[in-house]
Amino acid sequence: MWNTVFGVTKEGKKAHRYILVNNKGMSVELSDFGALVLSIYVLDKYGRKRDVVLGYDNLMDYYEQNTGFGAYIGRNANRIAGAEVTIEDIKYLLDKNDNQNNLHSGFNRSHNKLYSVRNGKTDACEFVEMERYSPNMEQGFPGNLEQKIRYTLTDKNEFIIDYEMLSDMTTVVNPTNHSYFNLDGHNSGTILKHYMEIYSGQMLELGNDMIPTGEIIDISDTPFDFRKSKQIGKDIDADNSQIKIAGGYDHNYIFPNDRKTRKVAKLYGADSGIRMDVYSDLCGLQVYTGNYLNGQIGKDGAIYNKRSGVCFETQFYPNSCNNPEFPSCILPAYKIFKSRTVYQFFA
């Protein structure tokens with residue numbers, strides 16, 4: 001593991017690039033700015049390295065993005081209806097940054113902050129742990145929140161993200177990672193020919209405002225059924241009301257709320273021969289196919305057009321803080337929240 005200077009923040013502080021390497025030829029580049037995932041290099045079926053996540057070359061570009069390339073999303077991922085939440089009979093008003101709703105915690109994004117770093121190595125893996133104290137009412141949420149995000153790369157080509165959170169007040173805690181994956185390479189065009197599997201038969205119905213209605217949809221015989229391997233592009237523009245609302249796939253698939261780690265999805269890039277398995281211990285998986293990318297200029301001058309990447313955001317359900325019928329993302333004061341996401345790569 002080593003690090004180099006990545007850039008200088010708007011506050012004039014140096015940010016660094018940290019590089020994890022395993023003995024299988026895989027490497028992951030991270031930054032203490034935003035706890036960002038900058039690059040993931042994987043050997044393809046030809047033995048060549050491909051960078052399989054979208055991103056930027058320069059730190060300043062990450063300030064301007066609304067895409068969330070590689071971002072740690074905290075305190076709350078996804079949407080909160082009406083940009084407000086009531087906790088212990090107190091109403092908290094949040095940023096309205098998605099029409100009348102709050103998206104990914106508002107304008108004051110977690111991926112524009114600088115994190116302290118601890119790194120280390122064991123016989124089986126290397127890791128980098130990012131830590132930041134989020135003060136009471138930052139982003140509108142109550143409680144002083146201690147955030148730890150540990151990134152680990154194992155010799156089994158597992159890229160592991162461990163979250164650990166602790167607040168001195170009852171608050172919302174629903175973190176995720178917002179990396180956009182393209183297993184044929186970040187600069188290879190769309191992901192429409194990728195094959196995808198999602199091991200769930202249910203998803204949340206979306207209203208026209210992209211907020212779950214509370215209804216659960218059986219996805220059998222719909223464009224959303226990926227229990228058998230299917231190309232992403234096959235049904236992405238189907239004549240389906242849910243597809244039309246989101247402009248493609250941008251929906252939350254449902255898994256058991258038992259906090260057991262399970263395989264939730266698989267992605268395969270036919271050109272590269274690279275496969276990625278996704279594991280999570282949370283009850284929701286937001287699958288987003290980059291429907292709102294519109295020509296951003298990324299790493300190496302790559303142009304990221306619509307559907308150039310797909311996100312697998314492990315999380316609680318959207319708006320779960322306001323829906324008592326959903327598994328709750330409300331974390332009681334002084335109770336530790338832990339969660340793990342694993343992206344494992346094969347060629």
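Arg 259 sits in the loop between E22 and strand E23 (262-269); helices (H or I, at least four residues) and strands (E, at least two) are DSSP runs, numbered from the N terminus. This is a predicted model, where local features need pLDDT of at least 70, side-chain atom pairs count only at pLDDT 80 or more, and totals for chains, interfaces and linings use all residues. Residues are numbered from 1 along each chain as its sequence is written, and side-chain values use heavy atoms, with hydrogens and water left out.

- Most residues other than glycine have a negative phi, and most peptide bonds are trans.
- Arg 259 has a positive phi of about 60°, although it is not a glycine.
- With a relative accessible area of 32%, Arg 259 is partly exposed; that label covers the range between buried (under 20% relative accessible area) and exposed (over 50%), using a 1.4 Å probe and protein chains only.
- Met 210 is another residue other than glycine with a positive phi, near 70°.
- You'll find Met 210 in the loop between strand E19 (202-206) and strand E20 (212-218), and at 8% relative accessibility it counts as buried.
- Gly 74 and Arg 75 are joined by a cis peptide bond, with omega about 5°.
- Arg 75 belongs to the loop between strand E6 (72-73) and strand E7 (79-80).

- Asp 250 is part of strand E22 (residues 250-254).
- The Asp 250 side chain does make a polar contact with the side chain of Gln 286, at 2.9 Å. A polar contact is a pair of N or O atoms within 3.5 Å; within protein, one must be able to donate a hydrogen and the other to accept it, and residues adjacent in sequence count only if both atoms are side-chain atoms.
- Leaving aside neighbours within four places in sequence, Asp 250 is in contact (heavy atoms within 4.5 Å) with residues including Arg 79, Met 210 and Gln 286.

- Cys 283 is buried, with a relative accessible area of 1%, and Cys 321 is buried at 11%.

**The nonpolar cores**

- The largest nonpolar core has 71 residues, and those with the most contacts inside it are Ile 40, Tyr 151, Phe 159, Phe 312 and Phe 345.
- A second, separate core of 20 residues includes Phe 6, Ile 73, Ala 77 and Tyr 304.
- A nonpolar core means a set of buried Ala, Val, Leu, Ile, Met, Phe, Trp, Tyr and Cys residues joined through side-chain atoms within 4.5 Å.
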